[in-house]
Amino acid sequence: MTDHDGHDATRHDTTALGTSGRGTTDDRATGVRVRPGRADDLSALARFAGSPDRARWRVDEARDGRETLLVAEDASGPVGTVSVRWDNDCDPPHPWIYGLHVDAGHRGRGAGEGLVHAAEDAARDRGAAALSLDADRDDPVVGWYERRGYRRVRPHEHRWTSVDPRTRQVTASGTAATWVLRRSLDGHDADTRARTTDAGSGTGEAS
C-alpha cells in the first residue's frame, strides 16, 4: 500500500540489493526463479511498481538495507517483484511484505507464490516469527493470501505517503481502509489468530 515516489536512474548495476541468506531459488516446474533485485532491474521494476520513481525508491531502500527486493524471472526476463520492509510499518515487530506484482501474462504460473515464499524465507533467515502485510478490504488478493496461510489480524487505516527520494520530502499523503494479515513462520498458529469472519474468496494469482 505504501506509495513512495523517486526518480529514474541511468546507471546499470548488477549488485544484488537487500539479499537474504538463501539467494536465488529456482522452480523448474514453472521455469520461474526468484532472485535478489538489482539496480539494473529498474526498467522492469518501473513496469511492476507503476512508475520509474517508485521503482527507484524501492531500489534505494534495498540498497540501504531497509528492505529486501526480490524479482521473479523466466527465460524472457523479469516477470514480477515483491519487497520486504524490515521496520517502521504497521504490524511491529514483524517485517512487512509489500509491492507484490506479477505481469498479467504470467499470473497463475506460480510466480506470485514463489515471490511470497522467497519473502518468507528472507524473513526466517533474519529470525522473524511472522510476516505481515496489508491489503484493501475489498481486494480479492485478501483471499489469495488467506489460502496461503495468512490470517486477518485487524482492520487498519493505512497511512500512505509519496516521497521525493532526492529530498526525502513528503509530497502527498492519505489513508486507505485495509486488513492487516499475518502469517506465522514457525509453524504455530498462536501468533496469527485473527478475525477471519467473511473471508474473501480471492483469485488464483496475486497482482
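1. Is Tyr-145 buried or exposed? In this predicted model, Tyr-145 has a relative accessible area of 5%. Buried means under 20%, so Tyr-145 counts as buried.

2. Now for its partners. The structure holds two aromatic pairs. In one of them, the ring centres of Trp-144 and Tyr-145 lie 5.1 Å apart and the planes meet at 90°. Planes over 60 degrees apart count as edge-to-face, so that is the label for Trp-144 with Tyr-145.

3. Tyr-145 also pairs with Tyr-150, again edge-to-face, at 5.3 Å from centre to centre and with 80° between the planes. Taken together, Trp-144, Tyr-145 and Tyr-150 make up one aromatic cluster.

4. How accessible are the other cluster members? Trp-144 has a relative accessible area of 0%, so it is buried. Tyr-150 is buried too, with a relative accessible area of 0%.

5. Two arginines deserve a look while you have the model open. The charged end of Arg-126 sits over the ring of Trp-86, at 4.0 Å from the ring centre. For Arg-152, the charged end sits over the ring of Trp-179, and here the distance to the ring centre is 4.8 Å.

Key: Residues are numbered from 1 along each chain as its sequence is written. This is a predicted model: local features need pLDDT of at least 70, side-chain atom pairs count only at pLDDT 80 or more; totals for chains, interfaces and linings use all residues. Side-chain values use heavy atoms; hydrogens and water are left out. Rings of Phe, Tyr and Trp (its six-membered ring) pair if their centres lie within 6.5 Å; planes under 30 degrees apart count as stacked, over 60 as edge-to-face and the rest as tilted. Buried means under 20% relative accessible area, exposed over 50%, partly exposed in between (1.4 Å probe, protein chains only). A charge sits over a ring if NZ of Lys or CZ of Arg is within 6 Å of the ring centre and within 35 degrees of the ring normal.
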